[in-house]
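Take a look inside a protein.

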Amino acid sequence: MLRRRFAVPVLILLAVLGIGGIAYSQLESGDRGILPLDSSGTLEIGGIHVDVGGPDAMSARYAGWKIAQREGFKALWAKMHNAPASEAPNLPDATLDDIVASINVEREQIGPNRYIADLGVLFDRARAAAYLGVEGGEVRRSVPMLLIPVTVTGGTETSVELKNAWQRAWAQFRTSQSAIDYVRVSGLGVDPMLVNAAQTDRPGRGWWRNIIDLYGAADVLVAEVQLQRSYPGGPARGTFIAHHGPDNEVIGTFTLTSRSGNVPALMAEGARRMDELFTNALAAGRLARDPSLDLPAPPPLPVEEKPVETKAVSTANAFQIQIESGGDVNVYNFGMAHLRTMSGITSATPQLINPTGTSYVLVSYNGSLAQLAAALGGRGWTVSASGSVVKIKSTSGKPPPLPPAATPAQPAQPAPKPQPAAQPSGQGAGR
């Protein structure tokens, strides 16, 4: 029983570890990931064809590279200034040797005394800037845009899940001279799970917003190629479609064909042409960021409506009561008692107490001076009033008595019930 009790948890643990190992092995596949080239410090010009002879193969090759440097600088100057190459300055070979970073051999054929090649020239950005007439060789660029390369071949859509020629072409594409600030993914780590072909068809703005924020971009570009072959290893035909935004808006399309079946060269040319499509769209104002990618404004905070406190407006008037006691302290005491029990008086505050003379009391009364004087006179005081002063005194020498307290009303007695009429004495005698 003890062995059976521990057998089930152990089997579950082994199953979990096995599933985790399979997922990790799929995520860390060796057939995935191409690191993009960092071309931020160089300026490149490619497609320079040279055909030169020489006394030997090495001399011919060296002469071809010198020609490529001269023609490359003129082509780069013309590209930077949007002018014909014939207007570019002629730099000496020593200066060109100083500003050229490297020679990129695209294709070459070396003979005993002849050299034929297609070359690319990489210029050091900082050193060549002064001769190009552009400070730092910088160009005006767009906001950072996440680039998702998608390959459709054999009915299957692939992005960076597996290494492919289209991803490699964009990884090797030198973006430093492009007006588009590309954010390229390598396909390592979680890239295949987040940036894949299926993601390009998802309309959810929340997910798109999380992805572009994760990669430090502000917008998204999708570079799609539909690759077809006449037969394995035969001529290849690629239809390239440029998309923009989370809704896959089509920017443009073109078709390239390679009769020799050289797919890497086809993809490299497709990346260059597609960069031109994106650049022209940027210049035309077609790469504006979708406002739905912005975070929605937070809802307004609820406003608590505080009830307006209405203060009762006091209509009481202030009067000064002068109580003449005539030497009897009881007159003052009874006078204060009268003032504090009179209806209409809300407060009675002594100002000066003189039991044997005249005392002053400040009262607040809801009424006029005449009404106050009449009320005091009705209580047996001799009253004289002028302005806001009321003088009261007792002519009898004794304080007027306080009015009797109101007795509560007695409940009404119920009316007596009527008595039934007396029956005649003769009724019922015969029963």
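By the cavity rule used here, the count is one cavity of 30 Å³ or more. This is a predicted model. The largest cavity holds about 60 Å³ of space.

Which residues line the largest cavity? They are Pro36, Leu147, Pro149, Gln167, Trp170, Ala171, Arg184 and Val185. Two elements give two or more residues to this lining: β4 (144-153) and α5 (165-172). The largest share, three residues, comes from α5. By class, the lining has six nonpolar residues, one polar and one charged.

Now turn to the nonpolar cores. In soluble globular proteins, nonpolar side chains tend to be buried together. The largest nonpolar core here has 26 residues. Those with the most contacts inside this core are Trp166, Trp170, Tyr182, Leu221, Phe240, Met267 and Met274. Elements giving two or more residues to the core are β4, α5, β7 (219-229), β8 (236-244), β9 (249-258) and α8 (263-283). Among them, α8 gives the most, with seven residues.

What does Tyr182 touch, leaving out residues up to four places away in sequence? Its contacts are Met145, Leu147, Trp170, Phe173, Thr175, Leu221, Asp275 and Phe278. Leu147 and Trp170 also line the largest cavity.

| Core | Size | Residues include |
|---|---|---|
| Largest nonpolar core | 26 residues | Trp166, Phe240, Met267 |

Definitions and conventions. Residues are numbered from 1 along each chain as its sequence is written. This is a predicted model: local features need pLDDT of at least 70, side-chain atom pairs count only at pLDDT 80 or more; totals for chains, interfaces and linings use all residues. Side-chain values use heavy atoms; hydrogens and water are left out. On a 1 Å grid over the protein atoms alone, a cavity is a set of points where a 1.4 Å probe fits but cannot get out, and a pocket is an open set with protein on both sides within 12 Å along at least five of seven lines; lining residues have an atom within 4 Å of a point. Grid points are joined across faces, edges and corners, and a volume is the space filled by probe spheres set on the points. Helices (H or I, at least four residues) and strands (E, at least two) are DSSP runs, numbered from the N terminus. Ala, Val, Leu, Ile, Met, Phe, Trp, Tyr, Cys and Pro count as nonpolar, Asp, Glu, Lys and Arg as charged, and the others, Gly among them, as polar. A nonpolar core is a set of buried Ala, Val, Leu, Ile, Met, Phe, Trp, Tyr and Cys residues joined through side-chain atoms within 4.5 Å. Buried means under 20% relative accessible area, exposed over 50%, partly exposed in between (1.4 Å probe, protein chains only). Contact means heavy atoms within 4.5 Å.
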